[in-house]
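Here are some notes for a colleague who is new to this structure. Please read them alongside the view below.

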There are 2 protein chains.
Amino acid sequence: MELSSRKRKILGLLVERYIKTAEPVSSGEIKSLYGEEISSATIRSELAALEELGYLVQPHVSAGRIPTEPAYKLYVENVLAGEKKEIRVAGVRDYLGKKIVEIEDVVRNTARVISDATNYTSVIVIKNTDDIRIREVKLVEVDAGRALVVIITDSGVIKDNIIEIPVNMGSGYVTAANDVINDLFAGKTLSEIKSQNADIDGEMAPYHDIFDKIINLLEEYASGRHDKVFVEGTSKMFHHPEFAEISTAREFITLLDEKEKLGELMTADDDIELSVRIGKPDGLNGNCSMVTARYSIGGAEIGKAGVIGPERMDYDKVVSVLHYIQKVFNGEAEPDEKEKKNGEIRKRK
Amino acid sequence: MELSSRKRKILGLLVERYIKTAEPVSSGEIKSLYGEEISSATIRSELAALEELGYLVQPHVSAGRIPTEPAYKLYVENVLAGEKKEIRVAGVRDYLGKKIVEIEDVVRNTARVISDATNYTSVIVIKNTDDIRIREVKLVEVDAGRALVVIITDSGVIKDNIIEIPVNMGSGYVTAANDVINDLFAGKTLSEIKSQNADIDGEMAPYHDIFDKIINLLEEYASGRHDKVFVEGTSKMFHHPEFAEISTAREFITLLDEKEKLGELMTADDDIELSVRIGKPDGLNGNCSMVTARYSIGGAEIGKAGVIGPERMDYDKVVSVLHYIQKVFNGEAEPDEKEKKNGEIRKRK
DNA sequence: TGTTAGCAGTCGAAAGGTTAGAGTGCTAAC
DNA sequence: GTTAGCACTCTAACCTTTCGACTGCTAACA
C-alpha cells in the first residue's frame, strides 16, 4: 500500500531526527521540522496512522515515537535511490600512495579510515583466494615406496604428509623427482601449475604420479583456508547510546569476537555490490545493522568492507563513505588538488 | 617492614577470597577460612593494622575490605616464588601437531586457548623481525642515470623508488645489473645478504653501488615495520564484574583498539621471562593488570603472549597457563598419554 | 471531510524518605 | 593479647511523591 506524500514526509523527518538524537520524536518536534504550517494535532493523527501501519512504535504512551525496521528499510531505499552524497574521506590515498605496501597494512588502514569517517565499527574480510603461491617443495624418502612431502607456501607450511612413490626406480629417483617437482612448483601459483599440467608429459612422465598427489595436497590445503577478518574501531560503539546498556555491548563485542561467524555474516550477501541489512542480521541479537560493500583492486574481487552499528545508523553517511572507498580502490575517484601534483608517480601501483 | 606471620596469612586469605568473589571481605569470612580458632574481633584489629599499612581499603565503613595494589604485589611474589601449579591446557598441541600450519593461525589459536583457559582477554605480539626475505628485485631504467626499483618481499612490496645509476656503462648495463642483483637477493633474508657483502667484489664490482642502495632501501623498510598484535577473547571481560560499569568497559576496549600502543605495552618489560604488572600499567587507566611471557620457538624469540584483565585477577592460574604454553612452544612439556602414540611424526616440526 | 485548539489522562524519570542488614570500631572483661 | 558485646554507620532496596512531556479525544471550524 502506498503512503500519502504527507505521511512519507513525516516518516522521513522522523527517521532522520531519530538517527540524529536517539530520542523518541514527538509531534511537536516534527511540526518545527516540517517547514510548512501544520498543527501538531494533524501530525499526531498521521503518526497514529503510521503506527497502525507498523512503521512506528511508542516506548510508552507519554513518549514520542521511534521508527521500526520497516521504516528504516523504506528510508534506506530512498537513500540508495537518491544521489550519493559527495563525501571525500581524507587519508585513504595517503597510504595507498606509499612506497612501501604491506597488504595487511592497507586493509587495516582502510578499516580504520572507514571507522573514523563513519564513527562506527568497521569490518573488512579478505576472501580466501585459493591461488596460493608455492615457494618450495621438498621430497624426502623415508623408506622404500614412501616419501615425506613438505610444501612451503606464501602463507604457511604443509608438512608431515607421506605419499607413496613407485618402487624399483633406481637410487637417484627421489632426489631427481625432488628437483623436477620443485622446478615445476616453485614460485608459481596453484592455478598456474595446474594449467601446466598438459605440458609435463614426455620426459617428466615418471613424476606425473607424484605431481598429481602434490596437487591434491595443495587443493585440500586451499579448501581448508579461511577468510581473514579485520575489525577496527570496536570502541566506537561506545559513542552511541544504544550500547550504554552493558548487555547490548556484550552481545556486540561477542559477535566481533567470533571472527569466523562474523566473516560469514559479512560475505553472506555476496552478489550485491552494496548491501544494507537492517535489524538482527541472523545471529545478531541486538538490533544492529550492517552495511557491506564488495571491493576489488584492478578488477579482481578481493573481499568485503563494511560497517556494523546500531539499527539507528546514519545510513546516508555510511553508504557514501563505503561508496567512496570502493571508487578509490577501483581507481575511479578523482584525486584531490594537492594530489594531482605528484600524480604521475602515484598512479603506478 | 616485615609483616607478622598472622598478618601475612590473613592478607593472603583475604586476597584469594577477593579474587574469587569480587566482594569486600569481612572479618567473619576470614574467621571461617582461617582454619584455627580465632575470633573475628582479633581479625578486625589485624585488618585495621593492615589498612594502616596500606594493604587494604574499605569502600565504606560498614563494608568488608578489599586489597590494594601493594597487597596484590605481595601476593604475586608468593605465587611466583612458589611451585607453579601443574596445569595442562587442552587443545594446544592439537593445532601445533597439525599437518598444515599457517603462522597466523598458530598465533590466533594460541591466543584463543590462553583466553579460554584463563577466562581473560589474551594478547599476543609477534615481534617484527627485521630479517625480511626477498622474493624478487626488479630494476627498470626510466631515463639516463635513473632506474626504478621494485622489491617484492615475503610481507609486502617496496615500490616507486628511483635510484641513481652510473651513466656511460653501455646499453645492456641495467638489464645485466637486474640479473646480477636479483641473483644476489632472491630467496635470501636481509641478514644473509648482508653477510655476503664481502664476496661481491671482483666481477660484481660494477654493481656494488646499486647493491648498497638496495640494502639501504631494505633497511629503511625493515625499520618502518611494526609488530603484529593479536587480540582474542575480548568479550571475556564481560565475565568479570569490574567491567559491568560501562565506563570501565569502554576504557578497556579502547586500549585493545589501539593496537600499536597495546603492542608497546606488551613488549615493555622485554628482559623479563614472565612479567606481572599490577594496576595502571602506564596508559591503562582502569585498574587493570597484565601478565606477559616471552616465548620462543626453537630457541629464537618470537614475541610475547599475555593476558590483560582486572587487577583482581587469578594470577596463580594465569601464571601457570602462560608457563605451560611457554613450555609447549619450547618443546619442554611432556606429551599426554594419547599423544605419545603418534609422537614420532609429531615431533618433526 | 480534513484540520485545529484545548484539555484530561497516562506514564516515566527524578528526588526524597524509610527500612533492614551487614560490618565495623570501641570498650570492658578475661 | 584476645574476646564478647554493643552502639554506630552506611548502603542497597524499596516506596512515595512530584513534575512534566506527550498523547488521544472531543468539539468547533473551514
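This is a predicted model: local features need pLDDT of at least 70, side-chain atom pairs count only at pLDDT 80 or more; totals for chains, interfaces and linings use all residues.

1. A polar contact is a pair of N or O atoms within 3.5 Å; within protein, one must be able to donate a hydrogen and the other to accept it, and residues adjacent in sequence count only if both atoms are side-chain atoms. A polar side-chain atom of R65(A) is 2.5 Å from a phosphate oxygen of DNA strand D.

2. Residues are numbered from 1 along each chain as its sequence is written, and side-chain values use heavy atoms, with hydrogens and water left out.

3. Chain A has an open antiparallel sheet of 5 strands, ordered β8-β4-β11-β10-β9 (strands are DSSP runs of E, at least two residues, numbered from the N terminus; two of them pair if DSSP finds at least two bridges between them). β8 (228-232) and β9 (274-278) of chain A are at the edges with a single partner strand each, so one side of each has no neighbour in the sheet.

4. Strands β10 (residues 288-297) and β11 (residues 300-310) of chain A are joined by 10 bridges. Within β11(A), V307(A) is the bridge partner of V291(A).

5. What else does V291(A) contact, leaving aside its neighbours within four places in sequence? Its contacts (heavy atoms within 4.5 Å) include V276(A), Y315(A) and L322(A).

Methods
Chains are lettered from A and ligands numbered from 1 in the order in which they are written. Helices (H or I, at least four residues) and strands (E, at least two) are DSSP runs, numbered from the N terminus.
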